[in-house]
Amino acid sequence: MALVLKYTLNYRAYHLSLNCNSSRLAVIDIAGVLTLLDVEPRGSATDSPGGQGAAAAATGDPSKFERKDVWDMKWANDNPDLFAMMEKTRMYVFRNLDPEEPIQTSGYICNFEDLEIKSVLLDEIMKDPERPNKDYLINFEIRSLRDSRTLIEKVGIKDASQFIEDNPHPRLWRLLAEAALQQLDLKRAEQAFVHCRDYQGIELVKRLANLQSEAMKQAEVAAYFSRFEEAERMDLAISLRIKLGDWFRTAVQYYLRGRNQERLAECYYMLEDYDGLERLTASLPENHKLLPDIGQMFVTVGMCEQAVSAYLRCNQPKAAVDACVHLNQWNKAVELAKNHNMKEIKSLLAKYASHLLDKNKTLEAVELYRKAHHFLDAAKLMFTIADKEAKKRTKPLRVKKLYVLAALLANSHHEQEDATPADSRVVDNAWRGAQAYHFFLLAQRQLIDGYMENAVQTALHLRDYEDIIPAVEIYSLLAVCSAASRAFASCSRAFIKLESLESLEAEQRQLMR
């Protein structure tokens with residue numbers, strides 16, 4: 001192993017990229033200047049005319065190449081002399097160091113292959129990264145591909161063939177082969193397939209040459225381009241499907257003619273033609289024996305709306321509800337159960353609420369019960385949320401609002417029906433939490449506004465709510481208000497109470513002394 005080439009750079013590089021055959025290196029420095037370096041030694045004067053020296057001369061001298069304001073570049077994956085680069089808001093494509101006309105874009109180059117550049121508008125995506133848009137992924141065709149396509153469409157295959165011979169590339173030969181196939185120019189199509197080494201295309205041309213019918217040739221070409229509907233319009237659908245081995249599509253044609261709806265549904269299902277299956281559902285009369293089976297087909301592929309429609313047409317609302325539950329469409333299930341006055345709605349609500357609670361969606365479970373007029377269940381969940389927030393020592397105003405919402409739900413239940421003995425404790429004490437935090441906030445507001453005596457009186461009321469607000473907070477507030485109001489007797493009793501609290505840590509108790 002020996003060192004054959006060495007470069008000393010007078011700048012700091014931040015981007016290095018090798019071409020597809022590792023013969024040339026692209027360097028972008030921190031100032032945005034792009035330069036090219038030959039990785040292999042350039043040919044000497046003793047090289048043969050067809051050797052490396054001649055090749056280097058043909059592709060230009062990279063040592064003289066320099067572009068400024070470059071921030072991205074990408075070599076082609078299939079051509080060592082082809083690369084794309086971004087210069088400000090313009091994209092340039094270079095072939096043998098000769099640039100094509102620039103393309104106006106600000107995208108980052110992802111891939112360069114088959115004469116197409118894939119670019120992504122990252123700046124646009126990062127404005128809303130949670131909801132990317134496919135429109136921000138853009139494909140650009142380079143000039144040789146565009147020119148070849150234009151020649152084929154406007155001038156003709158013969159002239160296009162000469163252009164592609166002068167600018168050979170597998171993608172261009174494939175483009176020519178497909179155009180020749182469309183015109184049934186089999187000889188030129190075969191030559192183009194040979195150039196792009198497409199064995200399947202060569203076999204197709206041979207198969208077409210053995211067909212006598214022009215219509216059948218066109219059908220084969222349509223099938224090659226996956227235009228099966230076009231082949232069907234040629235009245236060759238059944239024979240073509242048989243030839244392709246597409247037995248289910250062949251069967252559909254026969255079952256449509258024979259009106260065998262049961263087998264037709266099975267074929268649509270096997271073909272994943274759910275639009276056809278949905279049309280068949282709509283065409284069947286109500287209570288048809290096939291509707292439950294079609295509903296089950298829709299369930300197995302997760303199509304809830306279509307399954308519900310099929311079950312309701314055969315008067316099976318319970319099966320429709322079960323399908324919604326199976327597919328986790330709980331809102332739809334509850335709506336169906338309510339509309340059809342089903343007895344299972346309470347158990348269904350409980351299952352759905354449990355499902356939401358398992359996913360930590362407590363507020364959604366509250367909304368579910370509220371919409372279903374199960375106000376007491378909604379109130380219980382709301383009280384649970386308020387208690388948890390109170391233990392977290394979050395903003396007292398937020399906790400008060402949660403208790404108010406819970407109390408309003410409990411009142412709605414009381415207006416709707418009488419509470420049972422088991423539920424009377426929740427209903428009778430519904431406003432207790434809201435009252436506690438109301439007095440807690442009011443005492444602090446009065447203290448800040450300078451109404452000291454009123455603050456003391458309000459804080460004294462808080463002693464009745466030690467089961468809701470921690471005693472240490474109640475008596476600390478009472479002590480502060482009493483001291484500010486110069487009610488020292490009340491202040492002293494508050495401190496005595498604080499010192500006696502078991503929940504108080506020793507260090508806190510020592511500070512109060």
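Predicted model: local features only at pLDDT ≥ 70, side-chain atom pairs only at ≥ 80, totals over all residues.
Author: Residues are numbered from 1 along each chain as its sequence is written, and side-chain values use heavy atoms, leaving out hydrogens and water.

Reader: How many strands go with the helices?

Author: Helices (H or I, at least four residues) and strands (E, at least two) are DSSP runs, numbered from the N terminus. The helices come to 27. The strand count is 12.

Reader: In what order do the strands of the 4-stranded open sheet run?

Author: Two strands pair if DSSP finds at least two bridges between them. Strands E2 (residues 24-29) and E3 (residues 34-38) are joined by 5 bridges, with alanine 26 opposite leucine 36. Pairing is antiparallel, and the order is E1-E2-E3-E4.

Reader: Which residue of E12 stands opposite valine 120?

Author: E11 (residues 116-120) is joined to E10 by 5 bridges, running antiparallel, and tyrosine 108 stands opposite valine 120 there. E11 also pairs with E12 (residues 137-141) in the antiparallel sense over 5 bridges. On that E12 side, valine 120 faces leucine 137.

Reader: Back to tyrosine 108: what is the angle between the planes in its aromatic pair with tryptophan 71?

Author: Rings of Phe, Tyr and Trp (its six-membered ring) pair if their centres lie within 6.5 Å; planes under 30 degrees apart count as stacked, over 60 as edge-to-face and the rest as tilted. The whole structure holds 10 aromatic pairs. One of them is phenylalanine 65 with phenylalanine 94, edge-to-face at 5.2 Å centre to centre and 90° between the planes. Tryptophan 71 and tyrosine 108 are edge-to-face too, 4.9 Å centre to centre, with their planes at 70°.

Reader: How many residues apart in sequence are the parts tied together by tryptophan 71 and tyrosine 108?

Author: Tryptophan 71 is partly exposed at 26% relative accessible area, and tyrosine 108 is partly exposed at 32%. Tryptophan 71 lies in E5 (residues 70-75) and tyrosine 108 in E10 (residues 108-113), so the sequence distance they bridge is 37 residues.

Reader: Over which ring does the charged end of arginine 67 sit?

Author: A charge sits over a ring if NZ of Lys or CZ of Arg is within 6 Å of the ring centre and within 35 degrees of the ring normal. Ring pairs link Phe65, Trp75, Phe83, Tyr92 and Phe94 into a cluster. Arg67 is also in a salt-bridge network with Glu87 and Arg90. The charged end of arginine 67 is 4.8 Å from the centre of its ring, that of tyrosine 92.

Reader: Which residue forms a salt bridge with aspartate 114?

Author: A salt bridge is a side-chain nitrogen of Lys or Arg within 4 Å of a carboxyl oxygen of Asp or Glu, and the count is 19. Aspartate 114 takes a positive phi near 55° in the hairpin of E10 and E11, which has 2 residues between the strands. Aspartate 114 is partly exposed at 28% relative accessible area. With the closest N and O atoms 3.2 Å apart, the partner is arginine 174.

Reader: What N to O distance do aspartate 467 and arginine 432 have?

Author: Aspartate 467 is exposed at 57%, while arginine 432 is partly exposed at 26%. Their side chains meet in a salt bridge at 3.0 Å.

Reader: Last one: which helix holds serine 490?

Author: Serine 490 is buried at 10% relative accessible area. Leaving aside neighbours within four places in sequence, serine 490 is in contact (heavy atoms within 4.5 Å) with Val456, Leu460, Leu478 and Ser482. The helix spans residues 488-500 and is H26.

Methods: Buried < 20%, exposed > 50% of the residue type's maximum accessible area, 1.4 Å probe, protein only.
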